[in-house]
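Look at the model below and follow its chain from one end to the other.

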Amino acid sequence: MASGDAQAAAALVRRYQARVFGLARAIVREPGLAEEVAQEAFVRAWRHAAAYDSRRGAVSTWLLAITRNLAIDALRLRREEPVDPQVLLTRLLAVEPADEAAQAAQGEEFVRQALRGLPLEQARAIALAVFYGMSGRKIAEIEGIPLGTAKTRLRRGMARLRDQLEVSDG
């Protein structure tokens, strides 16, 4: 790919597209923005292929580090959209729905809120493990941290989630 071989670039994209998009989506939480981040990651990999040094790590580690950095940059640039106060008030005062689908949606929102209450690195580790089925080793590779640190983030994050989500039986 460093020599401009388009077939090598296509092979790289085919091999890593799911992982790159999955990481981008885990970080930015929006499919459209994640697609943009993933595309830019591959463009940067193409442009800087000559700078890749196999002695410093695997291609996947290099590519996922590019993706992670771009996703974090995208989050920094994103601005929250203002919400009409009347719409917000209506949502806050809405009567709780009775059907199962709506209750399931409320449960999902409760879990999302609990994740938002965690430190970012713990929430990200849990999201990568639960939603993307990544192992502690894979999380460590993506985050660029030691395996023990990844496992600690998962363990502490899960303990905090248990505390937040604990439901009394009485």
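S60 lies in helix α3, which covers residues 59-77; helices here are DSSP runs of H or I with at least four residues, strands are runs of E with at least two, and both are numbered from the N terminus. The model is a predicted one, in which local features need pLDDT of at least 70 and side-chain atom pairs count only at pLDDT 80 or more, while totals for chains, interfaces and linings use all residues. Residues are numbered from 1 along each chain as its sequence is written, and side-chain values use heavy atoms, with hydrogens and water left out.

Is S60 buried or exposed? With a relative accessible area of 9%, S60 is buried (buried is under 20%, exposed over 50%, partly exposed in between, using a 1.4 Å probe and protein chains only). Apart from neighbours within four places in sequence, S60 is in contact with Y16, R19 and E141, where contact means heavy atoms within 4.5 Å.

E141 is partly exposed, at a relative accessible area of 24%. Although E141 and S60 are 81 residues apart along the chain, their C-alpha atoms are separated by 8.7 Å. Leaving out residues up to four places away in sequence, E141 touches R19, S60, T61 and L64.

Now take α3 as a whole. Its 19 residues, at 1.5 Å a residue, should span 27 Å, and the end C-alpha atoms are 27 Å apart, which agrees; the expected span is 1.5 Å times one less than the number of residues. The buried residues of α3 are S60, L63, L64, I66, T67, L70, A71, I72 and A74. They pack against α1, α2 and α7 (136-143).

Two of those helices also meet each other. The axes of α1 (residues 6-28) and α2 (residues 31-47) come within 8 Å and cross at roughly 140 degrees. Axes are lines fitted to C-alpha atoms, for helices over the stretch in contact, and angles run from 0 to 180 degrees between N-to-C directions. The two helices are therefore oblique to each other (under 35 degrees is roughly parallel, over 145 roughly antiparallel, 65 to 115 roughly perpendicular, and the rest oblique). Residues making this contact include L12, Y16 and F21 of α1 and L33, V37 and W46 of α2.

Across the protein, the secondary structure comes to eight helices and zero strands. Of its 170 residues, 29% count as buried. Among contacts between residues at least 6 apart in sequence, 62% join residues at least 24 apart.
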